[in-house]
Amino acid sequence: MPHFSNDIQPRHNNHLVVKGVKSLILDIGGIILDDSNQALLQVWQLPSDEAKWLYELIYHTSAWREEIMTGKLKTEKYMHTLIDEHPKYTREIKLALAAEHFDQVLPLCEPNLDLVKKLHETGEYQMYWLSNMNDIEYEVLKQKGILDLLDGGIYSCDAHYRKPDPAIYRLLFERYDLEPTECVFFDDRTRNLDASEKLGMPTELVPNLSALTTILDKYF
């Protein structure tokens with residue numbers, strides 16, 4: 001996976017700039033939001049086997065991947081369908097999917113968000129979001145002003161494609177007139193990074209929330 005550690009050159013103001021990079025593209029889940037599922041499991045308070053079964057029932061389905069995450073099916077409708085089928089888990093399903101519980105189950109990583117904002121404010125790079133998200137996530141993050149912090153973004157529920165589909169990357173390039181080789185894509189999932197590199201856009205793997213500070217340091 002190509003990185004830029006060998007292409008860093010000093011500037012007159014003692015900062016560092018990465019050679020040839022004009023735009024930074026950032027995922028949101030796993031970088032700005034903690035989507036590790038630990039917060040959700042904590043509020044569920046279910047036995048581990050039961051929690052695993054319910055988690056897979058909600059998220060490990062073709063409906064979630066192909067319909068919810070691409071905006072073809074509203075999350076609220078999906079939630080009520082699951083509740084009708086599994087009324088015993090009404091509380092847990094609502095905790096997982098209802099907008100009012102968003103902050104509980106997908107906590108915002110404030111230090112990472114502040115770091116991204118600080119980098120954007122330097123004016124060194126154009127910066128964009130590229131994220132798989134459902135309609136509830138989109139609306140909540142929009143209301144919080146997070147989606148408006150950078151220069152734009154592409155979201156799977158709006159684009160009707162999800163990473164790692166090449167179409168969502170191409171939409172980003174076309175909408176913002178970006179040259180892939182002049183961008184760097186930050187994501188926590190290798191399959192999304194692999195798809196990016198096949199289209200000529202270099203990548204940075206962000207393996208956990210705490211890693212972002214070190215990874216972004218060379219871009220300041």
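A residue is called buried when its relative accessible area is under 20%, exposed when that area is over 50%, and partly exposed in between, with a 1.4 Å probe and protein chains only. The model described here is a predicted one, in which local features need pLDDT of at least 70 and side-chain atom pairs count only at pLDDT 80 or more, while totals for chains, interfaces and linings use all residues. Residues are numbered from 1 along each chain as its sequence is written, and side-chain values use heavy atoms, with hydrogens and water left out.

Helices (H or I, at least four residues) and strands (E, at least two) are DSSP runs numbered from the N terminus, and two strands are taken to pair if DSSP finds at least two bridges between them. On this basis, β3 belongs to an open sheet of five strands with parallel pairing, arranged in the order β5-β4-β3-β6-β7. The edge strands of this sheet, each pairing on one side only, are β5 (153-155) and β7 (203-205), and the twist from one strand to the next averages 15°.

The pairing of β3 can be followed on either side. With β4, strand β3 pairs in the parallel sense over four bridges, and the partner of S23 in that strand is Q126. Four bridges also join β3 to β6, these two strands running parallel, and here L24 has V184 of β6 as its bridge partner. Further along the sheet, β4 (residues 126-131) and β5 pair in the parallel sense over three bridges, and W129 finds its bridge partner in G153 of β5.

Axes are lines fitted to C-alpha atoms, for helices over the stretch in contact, and angles between N-to-C directions run from 0 to 180 degrees. Helix α7 (residues 110-121) packs on the sheet by touching β3 (23-26) and β4, and its direction makes about 145° with that of β4. Helix α11 (residues 190-198) likewise packs on the sheet, where it touches β6 (183-187) and β7, its direction making about 170° with that of β7.

Helix α5 takes part in two helix pairs. Two packed helices are described by the angle between their axes and the distance between the axes. Angles under 35 degrees count as roughly parallel, over 145 as roughly antiparallel, 65 to 115 as roughly perpendicular and the rest as oblique. Helix α4 (residues 75-85) packs with α5 (residues 90-97) at an angle of about 165°, the axes being 9 Å apart, and the two helices are therefore roughly antiparallel to each other. The contact is made by T75, Y78, M79, L82 and I83 of α4 together with T90, I93, K94 and L97 of α5. Where Ala, Val, Leu, Ile, Met, Phe, Trp, Tyr, Cys and Pro count as nonpolar, Asp, Glu, Lys and Arg as charged, and the others, Gly among them, as polar, the residues of this contact divide into six nonpolar, two polar and one charged.

In the second pair, helix α2 (residues 48-59) and α5 pack at an angle of about 55° with their axes 11 Å apart, and α2 and α5 are therefore oblique to each other. Here L54, I58 and Y59 in α2 meet E92, I93, A96 and L97 in α5, a contact that by class has six nonpolar, no polar and one charged residues.

Some features of the backbone remain to be noted. Most residues other than glycine have a negative phi, and most peptide bonds are trans. A cis peptide bond with omega of about 10° joins K163 and P164, and P164 is found in the loop between α9 (156-159) and α10 (166-176). N37, a residue other than glycine, has a positive phi near 80° and is placed in the loop between β3 and α1 (38-44). D177 also has a positive phi, of about 50°, although it is not a glycine, and its place is in the loop between α10 and β6. With a relative accessibility of 71%, D177 counts as exposed. T213, which lies in helix α12 (residues 212-217), counts as partly exposed at 47% relative accessibility.

Conventions. Contact means heavy atoms within 4.5 Å.
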